[in-house]
Amino acid sequence: MPAVTADTQTLSRLPKPEAAAKERPVKTVTAAPGGLEGEGFPVRRAFAGVSLAELDPFVHMDQMGEVQYAPGEPKGTPWHPHRGFETVTYMIDGTFAHQDSNGGGGLIENGATQWMTAGAGILHIETPPEELVVSGGLFHGVQLWVNLPARDKMIPPPTRRWSQGT
């Protein structure tokens, strides 16, 4: 069952903009090309081709999946480094296990969010949990990379931190 459902026929009302608010036009519309990440899970990279100067404080955003895995098919990433930014991972449907070189880790499950600060550098791995590999199942999430300010790029990554919320 999906973690998130939406009534696509009814939109909630937004408040009227303040009188001093400026209208901002859409600058560009970009396509999110698809590809494979890590050991071969499908991603769509939303900010592909957009200059970092226009994105800052964001670096990029990946939509992971949506894919319905058969038993034995789920994929993850091998150990890999990050430095100078933070990742915010939100699992829409499915489960992903995270572990890092500072002792952090846990399951990111349906509707949960995990925030990782890389700072001066961290290694981490994201894998499907054994139950998902054995049974197969739905996998769908989003990961946003947020640039750290220059003064914070070399801060030590926090140790044994793990945030998950719904």
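These legends describe close-up views of a predicted model.

**View 1. The six-stranded sheet.**
Six strands, in the order S1-S2-S3-S10-S5-S8, make up an open sheet with antiparallel pairing. Its edges are strand S1 (34–37) and strand S8 (113–117), each of which pairs on one side only. Between neighbouring strands of this sheet the average turn is 25 degrees, direction ignored. At the S1 end, 4 bridges hold S1 and S2 in antiparallel pairing. Gly35 is found opposite Val43 of S2.

**View 2. Strand S5 and its two neighbours.**
Strand S5 covers residues 85–93 and is mostly covered, with 8 of its 9 residues buried. To strand S10 (residues 137–147), S5 is joined antiparallel by 8 bridges. Within that region, Thr87 faces Trp145 of S10. To S8, S5 is joined by 5 bridges, again in the antiparallel sense. Here Glu86 has Thr117 of S8 as its bridge partner.

**View 3. The four-stranded sheet.**
A separate view shows an open sheet of 4 strands in the order S4-S9-S6-S7, paired antiparallel. Strand S4 (80–82) and strand S7 (105–108) are the edge strands, each pairing on one side only. Neighbouring strands in this sheet are turned against each other by 30 degrees on average, direction ignored. Strand S6 (residues 96–100) runs antiparallel to S7, and 4 bridges join the two. His98 is placed opposite Gly106 of S7.

The structure contains 2 salt bridges. In one, the side chain of Arg45 meets that of Glu37 at 3.1 Å, N to O. In the other, the side chain of Arg45 meets that of Asp62 at 2.6 Å, N to O. Because Arg45 belongs to strand S2 (residues 41–45) and Asp62 to strand S3 (residues 58–69), this second pair ties together parts 17 residues apart in sequence. Through shared partners, the salt bridges join Glu37, Arg45 and Asp62 into one network. The three residues can also be described by their accessibility. Asp62 is buried, at a relative accessible area of 5%. Arg45 has 26% relative accessibility and so counts as partly exposed. Glu37 is also partly exposed, at 29% relative accessibility. Side chains of opposite charge can pair when their charged atoms come close.

**View 4. The largest nonpolar core.**
The largest nonpolar core has 10 residues: Phe41, Val43, Met64, Val67, Tyr69, Met91, Phe96, Ile108, Ala112 and Phe139. S2 and S3 are the elements that give two or more residues to this core. S3 provides the largest share, 3 residues. In soluble globular proteins, nonpolar side chains tend to be buried together.

**View 5. Aromatic pairs centred on Phe139.**
The whole structure has 5 aromatic pairs. One of them is the edge-to-face pair of Phe41 and Phe139, with 6.0 Å from centre to centre and 75 degrees between the planes. This pair links distant parts of the chain, since Phe41 is in strand S2 and Phe139 in strand S10, 98 residues apart. Phe41 is buried, with a relative accessible area of 3%. Phe139 is buried as well, at 1% relative accessibility. Phe139 also pairs with Phe96: the ring centres are 4.9 Å apart and the planes stand at 55 degrees, so this pair is tilted. Because Phe96 lies in strand S6 and Phe139 in strand S10, the pair ties together parts 43 residues apart in sequence. Phe96 is buried too, with a relative accessible area of 1%. Ring pairs link Phe41, Tyr69, Phe96 and Phe139 into a cluster. These four residues, Phe41, Tyr69, Phe96 and Phe139, are listed among the members of the largest nonpolar core.

Terms used:
Residues are numbered from 1 along each chain as its sequence is written. This is a predicted model: local features need pLDDT of at least 70, side-chain atom pairs count only at pLDDT 80 or more; totals for chains, interfaces and linings use all residues. Side-chain values use heavy atoms; hydrogens and water are left out. A salt bridge is a side-chain nitrogen of Lys or Arg within 4 Å of a carboxyl oxygen of Asp or Glu. Buried means under 20% relative accessible area, exposed over 50%, partly exposed in between (1.4 Å probe, protein chains only). A nonpolar core is a set of buried Ala, Val, Leu, Ile, Met, Phe, Trp, Tyr and Cys residues joined through side-chain atoms within 4.5 Å. Two strands pair if DSSP finds at least two bridges between them. Axes are lines fitted to C-alpha atoms, for helices over the stretch in contact, and angles run from 0 to 180 degrees between N-to-C directions. Rings of Phe, Tyr and Trp (its six-membered ring) pair if their centres lie within 6.5 Å; planes under 30 degrees apart count as stacked, over 60 as edge-to-face and the rest as tilted.
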